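Hi,

Here is the structure I promised to pass on.

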Amino acid sequence: QVHLVESGGGLVQAGGSLRLSCAASEGTFSNRAMGWFRQAPGKEREFVASISWSIINTKYADSVKGRFAISRGNSKSTVYLQMNSLKPEDTAVYYCAAARPGLGPYRAYGDPADFGSWGQGTQVTVSS
């Protein structure tokens with residue numbers, strides 16, 4: 001089991017930027033695909049972005065394409081979400097997730113069912 005900790009959330013004005021980070025407080029996810037999801041009040045959790053273990057492939061929700069970028073640190077033990085041109089509708093709790101062990105190294109997954117470890121989340125609030 002991998003324990004994930006997110007950081008970097010906060011309050012920002014529309015048009016601003018934030019960078020979220022995710023690290024493992026226990027275990028490692030260096031050999032797993034990683035993803036970011038978010039959940040706004042009254043809404044279901046939704047996919048935001050993911051990156052393959054091999055770093056070759058990334059996947060984004062249509063709503064964030066061109067504005068958000070997912071990346072991994074050199075040791076693959078940290079994952080980031082750079083969020084630019086933020087909009088009020090991006091307001092949500094953002095969760096980092098590690099894919100289930102044994103999934104392929106070249107695919108960026110988007111189904112929450114493919115992820116087995118989740119962080120506690122970090123709040124992102126975008127004011128208009």
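Starting on the inside: the largest cavity comes out at about 30 Å³. A search of the whole structure turns up one cavity of 30 Å³ or more. Keep in mind that this is a predicted model.

Who lines that cavity? The residues are Asn-31, Arg-32, Ala-33, Trp-53, Ala-99, Arg-100, Gly-102, Leu-103 and Gly-104. Sorted by class, the lining of the largest cavity has four nonpolar, three polar and two charged residues.

Next, the pocket. The largest pocket has a volume of about 160 Å³, and its lining by class is two nonpolar, three polar and seven charged residues. If you want to click through them, the lining is made up of Arg-38, Gln-39, Ala-40, Lys-43, Glu-44, Glu-46, Ser-63, Arg-67, Glu-89, Asp-90, Thr-91 and Ala-92.

Last, the packing. There are 34 residues in the largest nonpolar core, and Met-34, Trp-36, Val-79, Leu-81, Met-83 and Tyr-94 have the most contacts inside it. Two or more core residues come from each of these strands: S3 (18–26), S4 (34–39), S5 (46–51), S7 (68–72), S8 (78–83), S9 (92–99) and S11 (122–127). Which of them gives the most to this core? That would be S9, with six residues.

Cheers

Note on methods
Residues are numbered from 1 along each chain as its sequence is written. This is a predicted model: local features need pLDDT of at least 70, side-chain atom pairs count only at pLDDT 80 or more; totals for chains, interfaces and linings use all residues. Side-chain values use heavy atoms; hydrogens and water are left out. A nonpolar core is a set of buried Ala, Val, Leu, Ile, Met, Phe, Trp, Tyr and Cys residues joined through side-chain atoms within 4.5 Å. Buried means under 20% relative accessible area, exposed over 50%, partly exposed in between (1.4 Å probe, protein chains only). Helices (H or I, at least four residues) and strands (E, at least two) are DSSP runs, numbered from the N terminus. On a 1 Å grid over the protein atoms alone, a cavity is a set of points where a 1.4 Å probe fits but cannot get out, and a pocket is an open set with protein on both sides within 12 Å along at least five of seven lines; lining residues have an atom within 4 Å of a point. Grid points are joined across faces, edges and corners, and a volume is the space filled by probe spheres set on the points. Ala, Val, Leu, Ile, Met, Phe, Trp, Tyr, Cys and Pro count as nonpolar, Asp, Glu, Lys and Arg as charged, and the others, Gly among them, as polar.
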